[in-house]
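Please view the sequence and the structure before reading on.

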Amino acid sequence: MSAPVHASANESRGGFAVSPVFHRAAQVAAGAGLGVLVLGLVQAPERALTSLLTSGFYFLCLGLGGAVFLALMYVANAGWFTVFKRIPEAFTAYVPWGAVTMLALLPFVATLYPWAKPGVMETDHLLHQKEAFLNVPFFAIRMVVMLGLWVAFTWALRRNSLKQDVEHGEVLTRRNVKVSAVFLVLFALTFCLAAFDWLMSLEPHWFSTIYALYNVAGLLSSSVCAITVVAVLLHRAGALPQLNSSHLHDLGKLMFGFATLWAYLWFSQFMLIWYANIPEETVYFIARMHGGWEVPFYANVALNWALPFVLLLPRPAKMNPSHLLRVAAVLLVGRWLDLYLMVAPAHRPEGLSVGVYELAGFLGVGALFTLAVTRAVRTTPMIPVGDPYLVESLHHHT
């Protein structure tokens, strides 16, 4: 994989031409998947909503992860990623769609969350103490505000970058550095709160102070994997010839590092709860280590860390595009399983059972994500010709 020293005229003027057949297939998949979930709201509401929450949060994290990746690069004054920065920018185009999928859960809060069921707060002493925070109006307000902030900041980052193709210069880069600094602070606070609200409150008697950071690590790991997958596929399709083995090496190092961060936080949470052996904390892991959840519980650690750690340890492995695709696929499957383990046991203690509703949720929401990303890729130049760091990125070598 070699890197030309400049972008071609065609690449600077327009985006990547997505096959109309592929686009139509994604539309059909989105309609079919979401249609099955709508039917599921009548036939098996808890299962359909569990699927929507799992897949909705999964793909929203990929969209947000694109923005977090960009923001981290901007505040770090990094230039190596510029060649493929249109990919994480395309991911951010999904955030408004992802916000809609999460807002669709609001009418069904009482079905998903035990604390929202009528009369529960009055009869449960422990939950009654949390009523000032865990109540439906405040929950809805927090969700709308957090999603609104994410949509606004991701829109600003992408708008400034696209505008730079016309105006050139460093002014918009410096503006995005400022936007990124503010966004990262607000993201850290709001995403942690979202993890508490949307995931941890499914089992409101249980709590963990590491839970939010654990989800941040999952977001970072999965989003870098998704960026890597799209970058390799676009390179193979001829839309990103400037991508070289050094870019892949850095992406591979990030995959390796974030997977290890996830494992560190997973172990920290598990070990402290196991060692303390406090009933209101251990109940979470007991439910996931018994009763049919044993295999997915241990598979979670294998997919999200053990296998990627071994497979990405050698330096050449992090520079091989085919190898990176396989490892990224393992990590992306692992991330979905990790989220499913956070959500499903609250309503399905009998064990793992991936069926039509789980597949429909992943297919429907995943197709929405694909449509948003492909539209962004199709309508914007793949190479950011106005970015002052482009030359550095074109000559990037590790």
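Predicted model: local features only at pLDDT ≥ 70, side-chain atom pairs only at ≥ 80, totals over all residues.

## Helix 2

Helix 2 covers residues 20–43, a run of 24 residues. From its first C-alpha to its last it reaches 35 Å, close to the 34 Å expected at 1.5 Å a residue.

Its buried residues are Ala26, Ala29, Ala30, Gly33, Leu37 and Gly40. The partners against which the buried residues of helix 2 pack are helix 3 (45–75) and helix 16 (356–379).

## The largest nonpolar core

The largest nonpolar core comprises 126 residues. Leu53, Phe84, Tyr113, Trp150 and Trp198 are those with the most contacts inside this core. Helix 3 gives the most to this core, contributing 18 residues.

Trp150 touches Leu60, Leu64, Val95, Phe183, Phe187, Thr190, Phe191, Ala194 and Trp198, when residues up to four places away in sequence are not counted. Trp198, one of these partners, is also listed with Trp150 among the residues with the most contacts inside the core.

## Leu147

Leu147 lies in helix 9, which runs over residues 136–167. Leu147 counts as buried because its relative accessibility is 3%, and the cut-off for buried is under 20%.

Between Leu147 and Leu106 the C-alpha to C-alpha distance is 13 Å, with 41 residues separating them in sequence.

Note on methods. Residues numbered from 1 in each chain as written. Heavy atoms only, no water. Helix = DSSP H or I, 4+ residues; strand = E, 2+ residues; numbered from the N terminus. Expected span 1.5 Å × (residues − 1). Buried < 20%, exposed > 50% of the residue type's maximum accessible area, 1.4 Å probe, protein only. Contact = heavy atoms within 4.5 Å. Core = buried A, V, L, I, M, F, W, Y, C linked by side-chain atoms within 4.5 Å.
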